[in-house]
Amino acid sequence: MTALLLSIDLSKDFLLQNLVNAISLGSLYALIALGMALIFGIMRLVNFAHGDLLMVGGYALVLLAGPPWPVLLLATLAICALFALGMERIAFRPVRNASASTLLVTSFAVSYFLENGAQLIFSPLPKTTNISNTLIQSWQVGAIYIAKLNALTVALTLVLLALLGLFLGRTTIGVQMRAAAEDFGMARLLGVRANTVIAMSFAIGGLLAGVASFLLVAQTGAVFPTMGLAPVLVGFVAIVLGGMGSLQGAVVGGFLLGLISVTLQAYLPLTLRSYRDAFTYGIVLLVILLRPQGLIVARRERQRV
Amino acid sequence: MRDQARQIFVRLWPLIVLLATAAVTAQIADFGGQLLQRKVQLALIYLILTVALYVFTGNSGVFSFGTISFMSVGAYTTALLTIPPQTKHDAFSQLPHFLQHANWPTTAAITFGGVLAAAFALVLSLPLMRLSGLTASLATFAVLNIVYIVGNNWVTVTNAAQGLEGIPQGTTVNTALAWSLVAITAAYVVQISRYGLRLRASREDERAARSIGVGVHAERRLAFVVSGFFGGIAGGLFAQYIGAFNASAFYLDITFLTVVMLVVGGVTSLAGAVIGSIFISFVSEVLLDIENGFNVGSVHIPGRSGLREVILAVIMLTILILRPRGITDGRELTWPFSRRRFERFGRTTALEVEAPPAEAAQNVEVT
Amino acid sequence: MLRLENLTVNYGPVAAVKGITLNVEEGEVVGVVGPNGAGKSTTLHAITGVVPPSGGEIVFEGASIVGELPERLVRRGIALVPEGRRIFGTLTVGENLQLGTTGRANKTTVDDDLERIFRRFPILKTYIKTPAGRLSGGEQQQLAIARALISRPRLILLDEPSLGLAPFMIDLVFETLNELKAEGRTILLVEQAASRTVAFADRSYVLNTGRIVLSGSRDELAGKADFAKAYLGGVIA
């Protein structure tokens, strides 16, 4: 028992370093979850192929190696957005009116197609790429290392969240998207074009995935066909925890997962560490069963009588 | 009297056809050696698996990822009960006492695996059957992940990632065939039973069914448990087919393969499950050969890994987009000379199909 | 303006609407009444393209609109005030109205139209920045009507606007409908409140189990009140 306790490092520096890592990881997860939640809110589609957008971005970065990182970032998010639009047009539009289960299965097929397609084209072994030498440098604050990449991650995430908030809140199409997410049929009856709103959600989702892809590859340097699998599972969990369709919930869920993941990894006794994911899924099940609207409490709107 | 007999015959015809199909497929094994025998065994195992998936998903309209979890339970159970005690003593010394000494005969072990899987399904069904379509699917997906992670990490029982080995390879074409026939018959019985009919009626419109008091929880539970049983059976047969495995054998790849088989065949028909699995098994074999590279005359064309999966994915997407009800168009193989015809109505997609029997239809109220 | 010819709508194997023929002329107010399950709402769903007809024809201003996408109908000039209001609770009142303008060809006169709507429904102006979900049932109904009006429709469809409302609210709703009628609007009103509707509309149709069992002008039907009761199975509001 004491041996277990001794293996937990309770120092403040360890805590802070983990916090930095957690926020960084959480931001990444939040971006992915947000993209998935956006699409789910409008189409009731849990897009398992969303993670593969990360992979697409990754391979794009491998192929484009060379230019300075801001150029790479822009290129990645453009490519991922286009890919997402293509995915929608080719695979999801024809089955749009199908049941949610059919959509789920379709996204499964798309994911499989993309992953194995990449394996076919690029080989199953990981490819490495170095995006930027400057981003890997870090600042030292006391005993903690904050990589410039970490700072960029958080900054980009905050900027994107703010922009998306403005977009959804202030623009015409943003209002249309929010309406479509609440009651798609009624939105259409008012003239909102289904194709436009759905394409927009995919494009934005793709864009967010592109940014996440850039950040991920900048951090790990490795690209392989199944790199989208873990993130999409995280996205799925984040959406459920945050309440399906709730955008704020997805973001908070993503951050929470980053926090939980890093914390459990750091503080769980060794024997239980591998079960970390099992715990997470167990929590997912409980949430689905007991509180399907998610863990995040929404602002209650009282009705005027 | 003659008319009655004829009626029974017409009713049973779809079942007879499918049983014959399975039997004929098994005969293919006679044309080849050991390798072909094994391929046919695997095809029959997949057939049972697809039928297991169909029993629940086809009738209820809810895609269950749990079938593979049941397979996992059945496989591990059978393996642990049939690996010779000496091997267990040598290789898996951490096993609990009663498992160490267990040495069951094959059929008993496989059956027990099915029973255990069915029990697992029963326990799961208590909370899960209340959920609606999509959330139920997602819940089963969570279960799949949990079972996978536990299987991959539970050192004492499953030997974690190293997995189990030394399983006697007792599966033969005949045993696999026997179990397939049982599975097909069971699925057919569920389907034409009162429970099956009610379940299919609710598949059309869950809300409408609920609003008239058709609470299909019990019916779903039955289908889920039957699905669990045969998933476990398939797992047991697989364990004794392959001889050694770990938890990764029961995760996403085989889930995808099973789903492809059912979707391509036709999600809402038993014929779809049977024909789909045989068809995809065949296609998969051909693709595997191509993937390994082949010879045209004296020229060797090298293969590329991943080709098989890509083409399977393309096949599935094509079916989902162009012929969503699958090869069988969602129908059973009815006696062609019967005067009864099901009504078709409008364009529907993979999971919403088929006219439910007239009696169920009249109960659905509409404003 | 609107003509339904032998319209049939099936939900799967169940026939909800079994061949009805009705028409609405420009400037007319037409009522469709009947008990629950008669197929009234289904008829509206068919007109708005939510449910595909299984047979028959729907013609609006000379053109067939069967198979038309729902989002195109508002551009043709058909506006729906749906059953249950279906206002967007998470959006503000202002945003709900903004959505109503989506289908308009001419967006320049929106402000004028908005002013007129606020004069008619002052409460909407007060709550313009409030999430619409906070409004009471009656206020939401006003919003739903306003949302339909701001799209400058040629034909207004109303699906059971009195459903779930307190009696004095229903009075308010019919007051508004009377105003619209006085303005010469073309209205198709589907309602369970049979006698009120028949008294309000120029002409009415009575639906039961998917068929038209009775039809006529206000005067014709007034005399047949008892007759109507028999067809409606005693459900008269």
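Residues are numbered from 1 along each chain as its sequence is written, and chains are lettered from A, with ligands numbered from 1, in the order in which they are written. In this predicted model, local features need pLDDT of at least 70 and side-chain atom pairs count only at pLDDT 80 or more, while totals for chains, interfaces and linings use all residues.

**The two chains**

Helices (H or I, at least four residues) and strands (E, at least two) are DSSP runs, numbered from the N terminus. A residue is buried if 20 or more other C-beta atoms lie within 10 Å of its own, exposed if 12 or fewer, and partly exposed in between, with C-beta atoms placed from the backbone. Two residues are in contact if their C-beta atoms, placed in that way, lie within 7 Å.

In chain A, 78% of the contacts with a separation of 6 or more join residues 24 or more positions apart. For chain B, 80% of the contacts between residues at least 6 apart in sequence join residues at least 24 apart.

**Where the chains meet**

The contact takes 36 residues from chain A and 36 residues from chain B. On the side of chain A that touches chain B, two or more residues come from each of helix 5 (100-122) and helix 14 (276-290) of chain A. Helix 5 of chain A gives the largest share of that side, 15 residues. The residues of this side of chain A divide into 24 nonpolar, ten polar and two charged. Here Ala, Val, Leu, Ile, Met, Phe, Trp, Tyr, Cys and Pro count as nonpolar, Asp, Glu, Lys and Arg as charged, and the others, Gly among them, as polar.

The axes of helix 5 of chain A and helix 7 of chain B come within 8 Å and cross at roughly 40°. Axes are lines fitted to C-alpha atoms, for helices over the stretch in contact, and angles run from 0 to 180 degrees between N-to-C directions. The two helices are therefore oblique to each other; angles under 35 degrees count as roughly parallel, over 145 as roughly antiparallel, 65 to 115 as roughly perpendicular and the rest as oblique. Ala100(A), Ser101(A) and Leu104(A) of helix 5 of chain A meet Gly133(B), Leu134(B) and Ser137(B) of helix 7 of chain B.

**Helices within the chains**

Helix 7 of chain B (residues 133-153) is largely enclosed by the rest of the structure, because 17 of its 21 residues are buried. Its end C-alpha atoms are 31 Å apart, which agrees with the 30 Å that its residues should span at 1.5 Å a residue. The expected span is 1.5 Å times one less than the number of residues. Helix 6 (residues 106-128) of chain B has buried residues including Ala109(B), Ile110(B) and Phe120(B). The buried residues of helix 6 of chain B pack against helix 3 (66-82), helix 7 and helix 12 (217-242) of chain B.

In chain A, helix 3 (residues 50-64) and helix 10 (residues 194-220) pack at an angle of about 55°, with their axes 8 Å apart. Among the residues that meet are Gly57(A) and Gly58(A) in helix 3 of chain A and Gly205(A) and Gly206(A) in helix 10 of chain A. By class, this contact has eight nonpolar, seven polar and no charged residues.
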